[in-house]
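This report covers helix packing, the nonpolar core and the sheet of one protein model. The sequence and structure are shown first.

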Amino acid sequence: MHVDTNGEELTASNEYVEVAVEVFRLLADATRIRVVLALRDGELSVNNLAEIVERSPAAVSQHLAKLRWGKLVRVRQDGNRAFYRLTDEHAMRLVVEAIRQAEHAVDEKPGHHA
C-alpha cells in the first residue's frame, strides 16, 4: 500500500525525517505559503505570482528559487519568461493541513468542520 494511505511504515526512525524538517523550513514563510496557494490552480509567471502575493517580482523570484531548490515547484521557460507550477500535490496538502491546524489554534469551532 502507498505511504499516502498507509502510515504504518512511517516511524520515528524513518530515513526522511531530516529531509521533512527541511521541507517545513522552506514552508515556514508567509510569502512561500501564499505562492503555493496561488499555484494550486496551475502555472503562473513570476509577475502574476508577484501580483497575487503582493510582493515584488524580485522578492517572489528569490522565494521561488528556494522552493525550486526544495523541489516543491518546477519552472518552464518560454522565451525570457519563466512559468512556475507545483511539482506535485504534496506541497499543497501540507499547506492546507497547516492552515486547517491554524484554524484550530485560533477558532474554537473551525470553519472547515462546519
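Which residues in H2 meet which residues in H3? The model is predicted. On the H2 side, Thr31, Arg34, Val35 and Ala38 take part, and they meet Leu49, Ile52 and Val53 in H3. By type, the residues of this contact are five nonpolar, one polar and one charged. H2 spans residues 30-38 and H3 spans residues 46-53; their axes come within 10 Å and cross at roughly 115°. The crossing of H2 past H3 is right-handed.

The largest nonpolar core holds 23 residues, of which Leu39, Leu49, Leu64 and Tyr84 touch the most other members. Elements giving two or more residues to the core include H1, H4, S3 and H5, along with H2 and H3. H3 supplies the largest share, four residues.

Tyr84 is in contact with Leu39, Leu49 and Leu64, among others, when neighbours within four places in sequence are left aside. Further contacts of Tyr84 include Glu43, Arg68 and Arg74.

The sheet is open and has three strands in the order S1-S3-S2, with antiparallel pairing. S1 and S2 stand at the edges with a single partner strand each, so one side of each has no neighbour in the sheet. S1 and S3 are joined by two bridges; Ser45 has Phe83 in S3 as its bridge partner.

The residue ranges of some elements are listed below.

| Element | Residues |
|---|---|
| Helix H1 | 17-27 |
| Helix H4 | 57-69 |
| Helix H5 | 90-106 |
| Strand S1 | 44-45 |
| Strand S2 | 73-78 |
| Strand S3 | 81-86 |

Note on methods
Residues numbered from 1 in each chain as written. Predicted model: local features only at pLDDT ≥ 70, side-chain atom pairs only at ≥ 80, totals over all residues. Heavy atoms only, no water. Axes fitted to C-alpha atoms, helices over the stretch in contact; angles between N-to-C directions. Left-handed = near helix turned anticlockwise from the far one by under 90°. Contact = heavy atoms within 4.5 Å. Nonpolar A, V, L, I, M, F, W, Y, C, P; charged D, E, K, R; others polar. Core = buried A, V, L, I, M, F, W, Y, C linked by side-chain atoms within 4.5 Å. Buried < 20%, exposed > 50% of the residue type's maximum accessible area, 1.4 Å probe, protein only. Pairing = 2+ DSSP bridges.
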